[in-house]
Amino acid sequence: MTKTERTLSSKGIRPTQMRSKIYKYLKRKTYADSLNEMQKVFLKKSKSNKTANKTTFYRTMKLFEEKNIVHQIDDGTAVAKYALSDENISDLHMHFHCTVCGKTICLPDRISKQNLPDDYEINDLNLVLKGVCKNCSKK
């Protein structure tokens with residue numbers, strides 16, 4: 001069993017070939033990606049790959065989201081993007097969206113729950129900073 005298969009299995013996910021490929025793809029990404037962009041990459045790599053359809057990607061991402069492997073990001077572009085969740089830390093963090101290249105990245109600093117009153121529980125968080133990334137500002 002590969003490391004990817006062990007990771008998926010440990011989260012209660014049957015590690016199919018496509019799920020493993022999607023997980024590996026997301027692991028290599030330095031920014032969040034949409035379902036359409038992921039699907040384009042997979043279809044480009046293999047013209048005959050019939051398993052790289054929209055439904056497969058949607059179901060895989062929903063399953064990964066339910067099992068806390070990925071989180072969905074609403075960066076204000078009206079297109080949901082996905083990034084791997086940090087398995088060791090609560091996933092309350094900010095994101096940065098570059099208004100030039102359109103990439104959205106997870107920022108490393110976590111948001112503290114300490115300022116929240118005792119009787120409150122956070123279920124979702126969406127904080128997106130917008131501006132120009134370092135690559136685009138160099139151009």
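## T104 and its polar contacts

In this predicted model, the side chains of T104 and D75 are joined by a polar contact of 2.5 Å. A second polar contact, of 2.8 Å, links the side chains of T104 and H97. A polar contact is a pair of N or O atoms within 3.5 Å; within protein, one atom must be able to donate a hydrogen and the other to accept it, and residues adjacent in sequence count only if both atoms are side-chain atoms.

T104 belongs to strand β5, residues 104-110. Helices (H or I, at least four residues) and strands (E, at least two) are DSSP runs, numbered from the N terminus. T104 counts as buried because its relative accessibility is 0%. Buried stands for under 20% relative accessible area, exposed for over 50%, and partly exposed for values in between, with a 1.4 Å probe and protein chains only. With neighbours within four places in sequence set aside, T104 is in contact (heavy atoms within 4.5 Å) with Y31, A32, I73, D75, K81, H95, F96 and H97.

## K81 in strand β3

One of the residues in contact with T104 is K81, which is found in strand β3. The relative accessibility of K81 is 10%, so K81 counts as buried. A polar atom of the K81 side chain lies 2.9 Å from the backbone oxygen of G102.

Apart from neighbours within four places in sequence, the contacts of K81 are A32, D33, S34, H71, Q72, I73, D75, H97, G102 and T104.

## Packing of α1 and α2

Helix α1 spans residues 3-10 and helix α2 residues 17-28; they pack at an angle of about 100 degrees, with their axes 10 Å apart. Axes are lines fitted to C-alpha atoms, for helices over the stretch in contact, and angles run from 0 to 180 degrees between N-to-C directions. The two helices, α1 and α2, are therefore roughly perpendicular to each other. The classes are roughly parallel under 35 degrees, roughly antiparallel over 145, roughly perpendicular from 65 to 115, and oblique for the rest. On the α1 side the contact is made by T4, E5, T7 and L8, and on the α2 side by R19, S20, Y23 and K24. Sorted by class, this contact has two nonpolar, three polar and three charged residues. Here Ala, Val, Leu, Ile, Met, Phe, Trp, Tyr, Cys and Pro count as nonpolar, Asp, Glu, Lys and Arg as charged, and the others, Gly among them, as polar.

Y23, in helix α2, is buried, with a relative accessible area of 5%. The C-alpha atoms of Y23 and A80 are separated by 17 Å, and the two residues are 57 apart along the chain. K3, in helix α1, is exposed, with a relative accessible area of 61%. Between the C-alpha atoms of K3 and S20, 17 residues apart along the chain, the separation is 9.8 Å.

## F57 in helix α4

F57 is placed in helix α4, residues 54-66. F57 is buried, its relative accessible area being 1%. The C-alpha atoms of F57 and R19 are 8.6 Å apart, across 38 residues of chain. R19 is also one of the α2 residues that make the contact with α1.

## Positive phi in two loops

Most residues other than glycine have a negative phi. N68, which is not a glycine, has a positive phi of about 60 degrees. N68 sits in the loop between α4 and β2 (70-73) and is exposed, with a relative accessible area of 52%.

A78, also not a glycine, has a positive phi of about 70 degrees. The loop that holds A78 runs between β2 and β3 (81-84). A78 is exposed, with a relative accessible area of 78%.

## The chain as a whole

The protein chain has five helices and six strands, in the sequence order α-α-β-α-α-β-β-β-β-β-α. Its C-alpha atoms fill a box of roughly 50 × 45 × 25 Å along the principal axes. Of the 139 residues, 32% are buried. Among contacts between residues at least 6 apart in sequence, 47% join residues at least 24 apart. The accessible surface of the chain (Shrake-Rupley method, 1.4 Å probe; for residues, only the protein chains shown count as cover) comes to about 9,400 Å², and 49% of this belongs to carbon and sulfur atoms.

## Basis of the values

Residues are numbered from 1 along each chain as its sequence is written, and side-chain values use heavy atoms, with hydrogens and water left out. As the model is predicted, local features need pLDDT of at least 70 and side-chain atom pairs count only at pLDDT 80 or more, while totals for chains, interfaces and linings use all residues.
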